[in-house]
Amino acid sequence: MLSHTQIWSAIDALAVSNGLSVSALARQSGLDPTAFNRSKRSAADGRKRWPSTESVSRILASTNCPLDAFVALAQSPKEEAASDRRIARQSVPLLGMAQAGDGGFFDDGGFPAGHGWDTVDLPAAAARHAYALKVQGESMLPVYRDGDTLIVDPEATVRNGDRVVVKTCEGEVLAKLLLRMDQQTIQLASLNRDHPDRQFQRSDIDWIARIVWASQ
């Protein structure tokens with residue numbers, strides 16, 4: 001029998017494995033964006049709230065996840081805590097977006113390097129070289145808010161339509177939507193329509209990496 005914590009941990013892990021926050025997973029599945037918020041997992045009097053079978057069915061359908069794979073997420077190796085079992089967590093390097101353009105934090109390939117990084121725990125295993133960037137300011141509204149955490153995988157394949165982090169050779173760090181990338185140019189759309197879209201020569205880009213998840 002699966003516990004309350006196991007079911008919710010499996011939902012968290014399913015979201016992460018698809019590069020989504022739980023809010024984005026709910027929206028993608030045709031549910032209220034707050035359906036899987038932590039505040040919805042217990043009542044004011046402490047009673048445990050369970051996700052409905054319909055909501056679980058919808059997220060499995062929207063992510064093409066078989067039921068047995070979802071059960072495996074719930075039953076994966078976990079740490080014991082207060083007689084309940086929780087999904088294993090992983091720490092990754094964390095840096096503020098405002099600091100990411102400074103020298104010494106990344107190597108030539110865009111992988112985290114050097115000193116000065118903090119760490120943040122993720123609700124599930126991340127890619128080997130994944131790292132986190134903390135959103136600062138309102139330049140990425142309405143997609144990302146001040147204080148949101150972006151999980152970036154420098155080894156993930158980048159395709160047109162992906163949300164990406166780009167570092168220019170001049171040290172500017174941008175979170176944008178990749179419109180088009182070819183051998184000569186990179187075209188980026190701003191997440192906040194009050195800010196202009198950008199285009200760069202490939203030679204002006206230090207590195208580009210895909211955003212695989214965001215806490216919202």
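**View 1. Thr 168 sits in strand β7 of this predicted model.** The strand spans residues 163-168. Is Thr 168 buried or exposed? Its relative accessible area is 4%. Buried means under 20%, so Thr 168 counts as buried. Leaving aside neighbours within four places in sequence, Thr 168 is in contact with Phe 200, Asp 204, Ile 205 and Asp 206.

**View 2. Strands β7 and β8 run antiparallel.** How many bridges join β7 to β8? There are 5 bridges. Arg 163 stands opposite Leu 177, a residue of β8. Strands of a sheet pair through backbone hydrogen bonds, and the pairing is either parallel or antiparallel.

**View 3. An open sheet has 9 strands.** Read across the sheet, the order is β4-β3-β5-β6-β11-β7-β8-β9-β10. The pairing is mixed. Which strands form the edges? They are β4 (118-122) and β10 (198-201). Each edge strand pairs on one side only. Neighbouring strands of the sheet are turned against each other by 45° on average, direction ignored.

**View 4. The largest nonpolar core holds 22 residues.** Which members touch the most other members? They are Phe 106, Tyr 131, Leu 133 and Tyr 144. At least two core residues come from each of α5 (97-100), β5 (131-134), β6 (149-153), β8 (173-181) and β11 (205-215). Strand β11 gives the largest share, with 4 residues. A second core is separate and has 19 residues. Leu 31, Phe 36, Leu 60 and Phe 70 are among them.

**View 5. Tyr 131 is in contact with residues from several parts of the chain.** Neighbours within four places in sequence are left aside here. The contacts include Val 92, Pro 93, Phe 106, Gly 110, Pro 112 and Trp 117. Leu 150, Ile 151, Val 152 and Pro 154 are also in contact with Tyr 131.

**View 6. Helix α3 has its buried residues on one face.** The helix spans residues 53-63. Its buried residues are Ser 55, Val 56, Ile 59, Leu 60 and Thr 63. An α-helix has 3.6 residues a turn, so residues three or four places apart point the same way. The buried residues of α3 pack against α1 (4-17), α2 (22-28) and α4 (67-75). The face turned away from the buried side carries exposed Thr 53 and Ala 61. Just after α3, Asn 64 takes a positive phi of about 55°.

How values were computed: Residues are numbered from 1 along each chain as its sequence is written. This is a predicted model: local features need pLDDT of at least 70, side-chain atom pairs count only at pLDDT 80 or more; totals for chains, interfaces and linings use all residues. Side-chain values use heavy atoms; hydrogens and water are left out. A nonpolar core is a set of buried Ala, Val, Leu, Ile, Met, Phe, Trp, Tyr and Cys residues joined through side-chain atoms within 4.5 Å. Buried means under 20% relative accessible area, exposed over 50%, partly exposed in between (1.4 Å probe, protein chains only). Contact means heavy atoms within 4.5 Å. Two strands pair if DSSP finds at least two bridges between them. Axes are lines fitted to C-alpha atoms, for helices over the stretch in contact, and angles run from 0 to 180 degrees between N-to-C directions. The arc is that of the directions from the helix axis to the C-beta atoms.
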